[in-house]
Amino acid sequence: MSNESNRREFLKQSGLLTGGALLTTLPSFASSYGFNNSADDTIKIALIGCGGRGRGAALQALKTKQNVKIVAIADAFRDQLDDAYKILNQNPELAKRVDIPEERKFVGFDAYQKAIPLADVVILATPPGFRPMMFEEAVKQGKHIFMEKPVATDAPGVRRVLAAAEEAKKKKLNVVVGLQRHYQPNYREIIKRIHDGALGDIIGGSVYWVSGGVWVKPRQPNQTEMEHQMRNWYYFNWLCGDHINEQHIHNIDVANWVKRGYPVSAQGTGGRQVRTGKEYGEIFDHHIVDYVYEDGTLINSQCRHYEGTYSKVDEAFLGTKGRVDSFGRQSVLKDHKGGAIYTHNGKGDGDPYQIEHDELFAAIAKNEYKFWDAENGAKSTLTAIMGRMATYSGKVVKWDEALNSNINLFPDKLAWDAKPKLLPNADGFYPIAVPGKTVAV
Ligand SMILES: NC(=O)c1ccc[n+]([C@@H]2O[C@H](COP(=O)([O-])OP(=O)(O)OC[C@H]3O[C@@H](n4cnc5c(N)ncnc54)[C@H](O)[C@@H]3O)[C@@H](O)[C@H]2O)c1
């Protein structure tokens, strides 16, 4: 699909970006895809990927006002599943909504296939490399879906998600992607006003995720290579996509939202300056990318993981009539003389992680088709991957080249004794991209 047609499609669909301006009530035949699978009105949930975010998302689902129950959990690892089970049962009130006997706890690479059929709504919170196949399966089985960002780690994965997103639309399955700024009141209010013209045309911007980095899980004795990569997933691209994809997608996605489109090209620079040990797998520790949009607007993106340095997770945009310098709790739209055009006082704003679940489950309970975030989630994921392609190769990468790339990072076989595609040398170090030599797409 050309970038122009992507953009037109995006504009048509952009209601979803504020939580779904378009709203349809599901016709009765659609109930075969919805929560009405249950004999009563309980909305049954399966959690797939029982780590930090999966546990958080499951608790948020339990805290909604709807009649929900978690009926199945699935994880690649038993210890992760057991820890999640304990956490879900910690609060006695919420625990009344947890109904997961031993036979509905599933472990292993195929665990998702066993959990999905038991639910009306699935929460997909594994590392993103697994999202395409799990999203595809959940859509095939007619489930409503909450899935975490990013939704893929390579272009073949993005294409699978885009295809399944089309299917989900046809089946009127609500899909929320955990790009929670779309559910965060200050972003919603500020960006609505930008789209209404408060800043004129947006002609530039900068988006940032510069911070100290995240956890690392060094290799343990007796781990197979597959287990090591799965446990230390952040540092392997088939699982994570690099931190420009895993973390910085949030800010890149805000740029796409503000611009109501996706960049036509990217070029950038990046590397491993500080984080060079073998425990850091193959990912870079910094990326600086120029994203160019169809109207020529350049958005600069910066992300880095250097411990002990300045941190900033934010976005800023410049318009012909004014600017916004930050999306902090009190976000201000200013004219060029510094006068406030609009101030969002975030006092009392809800937690976006809770809001995304409240809105999703309310729509499902009312049989409304209100959320189709998967397409934007896939295209913002591709935007981040296009940035990685640019920094790894040192080349200009165009949108269609990125989308059509056949670089497939996923292993040929999933098993604990199977070999991932990227392997360490005899000293345990992994091959790292070399700009100028590494192929972009
Ligand atoms: N929206 C946000 O602000 C936000 C915040 C944190 C994480 N996330 C996203 O949530 C996802 C999970 O991140 P996390 O921090 O919870 O990681 P985590 O490592 O804490 O949890 C991931 C879990 O998935 C399990 N898993 C791995 N492969 C699996 C498979 N094939 N089948 C079933 N389970 C599998 C792991 O064992 C682990 O328990 C990532 O995509 C991440 O980017 C989003």
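Which residue in β3 is the bridge partner of K44? The legends below begin with that strand pair.

**View 1**
K44 has K69 in β3 as its bridge partner. The model is predicted: local features require pLDDT of at least 70, side-chain atom pairs count only at pLDDT 80 or more, and totals for chains, interfaces and linings use all residues. Residues are numbered from 1 along each chain as its sequence is written, and side-chain values use heavy atoms, with hydrogens and water left out. Helices (H or I, at least four residues) and strands (E, at least two) are DSSP runs numbered from the N terminus. Two strands pair if DSSP finds at least two bridges between them. β2 and β3 pair in the parallel sense over six bridges. Strand β2 (residues 43–48) also runs parallel to strand β5 (residues 121–124), to which four bridges join it, and A46 stands opposite V122 in β5. Five of the six residues of β2 are buried, where buried means under 20% relative accessible area, exposed over 50%, and partly exposed in between (1.4 Å probe, protein chains only).

**View 2**
Six strands form an open sheet in the order β4-β3-β2-β5-β6-β7, with parallel pairing. β4 (105–107) and β7 (175–177) stand at the edges with a single partner strand each, so one side of each lacks a neighbour in the sheet. On average, and with direction ignored, neighbouring strands of this sheet are turned by 15 degrees against each other. Helix α2 (residues 52–62) packs on the sheet and touches β2, β3 (68–75), β5 and β6 (144–147), its direction making about 170 degrees with that of β3. Helix α6 (residues 131–140) also packs on the sheet, touching β2, β5, β6 and β7, and its direction makes about 165 degrees with that of β6. Axes are lines fitted to C-alpha atoms, for helices over the stretch in contact, and angles run from 0 to 180 degrees between N-to-C directions. Contact means heavy atoms within 4.5 Å.

**View 1. The contact of helix α7 with helix α13.**
Helix α7 (residues 155–170) packs against helix α13 (residues 374–393) at an angle of about 170 degrees, with the axes 9 Å apart. This angle makes α7 roughly antiparallel to α13; angles under 35 degrees count as roughly parallel, over 145 as roughly antiparallel, 65 to 115 as roughly perpendicular and the rest as oblique. Contact residues include V158, V161, L162 and E166 of α7 and A378, K379, L382 and I385 of α13. The residues of this contact divide into 10 nonpolar, one polar and four charged. Ala, Val, Leu, Ile, Met, Phe, Trp, Tyr, Cys and Pro count as nonpolar, Asp, Glu, Lys and Arg as charged, and the others, Gly among them, as polar.

Helix α11 (residues 249–259) is mostly covered, 11 of its 11 residues being buried. The axes of helix α8 (residues 185–195) and α11 come within 9 Å and cross at roughly 35 degrees. Y187, R188, I191, I194 and H195 in α8 meet V254, W257 and V258 in α11. By class, this contact of α8 with α11 has six nonpolar, one polar and one charged residues. R260 follows α11 and has a positive phi, near 50 degrees.

Rings of Phe, Tyr and Trp (its six-membered ring) pair if their centres lie within 6.5 Å; planes under 30 degrees apart count as stacked, over 60 as edge-to-face and the rest as tilted. By this rule the count is 19 aromatic pairs. W215 and Y234 form an edge-to-face pair, 5.8 Å centre to centre with 85 degrees between the planes. W215 lies in the loop between β8 (202–211) and α9 (225–231) and Y234 in the loop between α9 and α10 (243–246), so the pair ties together parts 19 residues apart in sequence. W215 is partly exposed, with a relative accessible area of 31%, whereas Y234 counts as buried at 2% relative accessibility. W238 and F410 form another edge-to-face aromatic pair, 5.6 Å centre to centre with 80 degrees between the planes. F77, F109, F130, W238, F410 and W416 form one aromatic cluster.
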